[in-house]
Amino acid sequence: MTRECSLLLPRVCTALADPRQPGCDDTCLEKLLDWFRRLARFGDIDTLDLDDRAASSTPLKLLYLPFTLCVLLWPQQEQLLVRLFGRDGPLNSAAWEDASVRSGWVEGVRSMMHHQPALHFICNGGGLDVIFTLQGDPSLFVASAATQLLVQMLTLSVESETTEPPDTKHCDWPACAQMIIKHIEDSLQSSSVCHIEQSLKLLTSLFDSCHATWTEVLWLGIAKRVESFLTEETVQVQHVLVNLLLNMAWSPVFSDPEGSFWALVTSALEHLTPVQAGPLAEGILRLYNCPQDVRIQALTVLLQPMDCILRAASQPLEYAGLLDESVSDPVTVESLLSSKSSCTNLLCQTLALLEKLLTLARFQVDLPCTSLLRSLMTILQFCNGFPSPVSPLGSTINRILINCSRVQRAALDVLAALSERKGCDTLIGNLFDILLTYLESLNTSPTVLKKTFNATSKWLVCLQELSSSNNQWQQTEKILQDVFLVLQKHLCSPCWEVRDSSLEFLTALIEGLKDRDEFRQSLLSSEVPKLTENLLEDSESYVRASAVTAVGHLACITYFAPESPVTGNQYNKETIAKLQEILSTDSEGFPRRAVISIFTKWVREGCTFHLEDTEQFVSRVIQIVEHDLDWEVRLGGLDLVEAFYSQTICLFNRPKCLYASVTPAAQQNGPLQIFCRAKLFSFLFRSLCDYDKPVGQRACNILLVLRSSFSPISSPKDSQETGDLPAGHGIAWLQSTLRQGSLAHNFPTDGSNGVDFEDPESMMVALATVDLIELHDELNKSSYHIEESPQSLLQDILATVGTIEENEADCY
């Protein structure tokens, strides 16, 4: 067999293993199977040299051989299976040194595990020993695949070969399961840390994927040994236990609050180091069926470093700490925080885990939010070098954390998440003092500044809500003025990252506070709007894009606002013209994408006043967008069309729509006429033939919606009927062109093809006639459906061996 033919084998195997593929009829399958049998009969497969390094890809591909084929060829190819999957075959091959071959071997066995006879073949033929060896493979991919394979084999063995689930008294495991379980037990009793870790990872994967009751029986046999690893000093595998315990905690098999498993979790929280116990505690707190005492203990573990920070800030303790008592020895945490190498890691891990918990939709354990906020403020002050703590521990932590950007970023993330919690209003003044210090400091790095902007925007929204309830208008106004003064400086920064982050901050503020009069007054009385507009001409494309977004949001509270709170510094139509100019002429894609996104936002939110104005606006924009070379801009144009459709339908179906009123002129013209006048149909049909599939898919979806709204015909006519359509409509040409998938640049929309995309009657017929469902299915197909079809495979076989009559008989 030639090397080229051997490379076709994986595709043959795939086609025969999955007969549900497109174009995979019985005739194709029989031809492919006959070709495979001929190769086997002629001995071409048996004579493959597994030691030939130059052809190492050949055995690699063969290893993916589905067991379905092996059954079909049994018994004449029994020796081949032994060579490929037996104990002596692959290990003695020089190609086995290649990790990709070992990986292929594992994948080959995994594909066989859909059939129970393969399980006995692997276990009896020595293949199981090979898998045990591969658990410790130097390639992490191979080792992981071997572990997953053992889990699959164990599950298959137990669930297919037992009539009753095993119990603790009469543990009658099937033969293959006995071999794997004995391997697990022997490895756990071993003095080799590597072997212990391998078995613990296998158990972790098993409890993650299988929640059958027999897993509890397996666990009870090894629980004592696993628990001993928590206190055994000679075997350091505690870090592996965390994932094991978490997977068990999520399994309903171990969810009984009175079960012994939770005692093990409690022991782990006590004996693991703070760094090891943190992820376990966070995972436990995500559970809803966890016993309350374990939940409290987990929260205590997670908050202990934050409590230590707060207590180290002042001596004697000025404020109450976070915890009344700790789970582990506080000295351990203090020791970690006193070391430069461990302090940063512990704090960053703790803060990251707290942020995860704070962003959960539901959180069953109440956090001491006020004390936690005070601890975060203390960390941020430590990082800024102020104040100088009195306690020796505080002074040490202060020296370690000065200008530590990792801890600053992590603390600011938690601070932003904490803004959605109630009960922190007593500290809000001090909090903004710290945030403003970070915003004003020249030492604040751009990444930390970005995080500070995010936290500030979230807490400003919180401040506005508080000031509305307790009339603290003066405090709010003063903070806003200070924020805008700092923002003005950053908008003029020589660092483009700072300018970009400042614009994103401004956009976030407008989104959160646009309905607040005091915010609009403070903003429009500052220099921020003018500086923002100037950045539309920034030299950096990212900044221009962010400036476009900010200007677009500013327009919503100035130019498009029914009543602007300030008469000066108004946006006008020149700003809109500037955005259209960017869409037409900017050389970079990011600003153009931002413009089309802003225009879509305006239309979706009804920022334009009259239907005629919106129609002309959308039409002008689409005529620009349809020639843009960036597919994301064209996709954004389709979003704009979709938003315009929604507004148009809203205005016609609900005259009292909040966004605008229907004018008499608009009432005389239906939505279909409006779409035609705006020249949107030519853009939509042109997009069906776009180079980039997402554009075609979106256009097809929109046309399907339009058909359901505009066309009285519910289903397209048969393709045979298109030839009988009026020639003036040109619909037959349109249907044929779309079926051929003509490229967009060859798709005429000027009416030269007989299709008038601005004629409502023609578009009504087009929507009713063009088979959009068929187009939708074609656009959603993967390109592989042709390449991997059996028909394509047969053609490749013929092309490989030649087309002379003899070869055609052999291969076809």
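View 1. Ser342 is buried, its relative accessible area being 16%; buried denotes under 20% relative accessible area, exposed over 50% and partly exposed in between, with a 1.4 Å probe and protein chains only. The residue is found in helix H18 (residues 340-358); helices are DSSP runs of H or I with at least four residues, strands are runs of E with at least two, and both are numbered from the N terminus. The Ser342 side chain reaches the backbone oxygen of Leu336 at 2.6 Å. Neighbours within four places in sequence aside, Ser342 is in contact with Ser335 and Leu336, where contact means heavy atoms within 4.5 Å.

The model is predicted, so that local features need pLDDT of at least 70 and side-chain atom pairs count only at pLDDT 80 or more, while totals for chains, interfaces and linings use all residues. Residues are numbered from 1 along each chain as its sequence is written, and side-chain values use heavy atoms, with hydrogens and water left out.

**View 2. Helix H10 and its buried side.** Helix H10 (residues 175-189) has 15 residues, which at 1.5 Å a residue should span 21 Å, and its end C-alpha atoms are 21 Å apart, in agreement; the expected span is 1.5 Å times one less than the number of residues. Cys176, Ala177, Ile180, Ile181, His183, Ile184, Ser187 and Leu188 are the buried residues of H10. They cover an arc of only 150° around the axis, which puts them on the same side of H10; the arc is that of the directions from the helix axis to the C-beta atoms. An α-helix has 3.6 residues a turn, so residues three or four places apart point the same way. The exposed residues Ala175 and Gln189 are carried on the face of H10 turned away from its buried side. Packing against the buried residues of H10 are helices H7 (116-124), H8 (127-134), H9 (140-161), H11 (193-209) and H12 (214-228).

**View 3. Glu197 in helix H11.** Glu197 has its place in helix H11 and is buried, with a relative accessible area of 18%. From C-alpha to C-alpha, Glu197 and Ser187 are 8.6 Å apart in space and 10 residues apart in sequence. Not counting residues up to four places away in sequence, Glu197 touches Gln236, Val237, His239 and Val240.

**View 4. The largest nonpolar core and the contacts of Ile284.** The largest nonpolar core has 232 residues, and Met153, Ile284, Trp602 and Phe681 have the most contacts inside it. Such a core is a set of buried Ala, Val, Leu, Ile, Met, Phe, Trp, Tyr and Cys residues joined through side-chain atoms within 4.5 Å. Beyond its neighbours within four places in sequence, Ile284 is in contact with residues including Leu246, Trp262, Val294 and Arg295.

**View 5. Asn289 in a loop.** Asn289 is found in the loop between helix H15 (274-285) and helix H16 (292-312). At 34% relative accessibility, Asn289 counts as partly exposed. Asn289 and Trp250 are 39 residues apart in sequence, and their C-alpha atoms are 9.1 Å apart in space. With neighbours within four places in sequence left aside, Asn289 is in contact with Ser255, Trp262 and Arg295.

**View 6. Glu615 in helix H31.** Helix H31 (residues 611-625) contains Glu615, which is buried at a relative accessible area of 9%. Residues up to four places away in sequence not counted, Glu615 touches Phe644, Ile674, Arg677 and Ala678.

How values were computed:
Polar contact = N/O pair within 3.5 Å; in protein donor to acceptor, adjacent residues only side chain to side chain.
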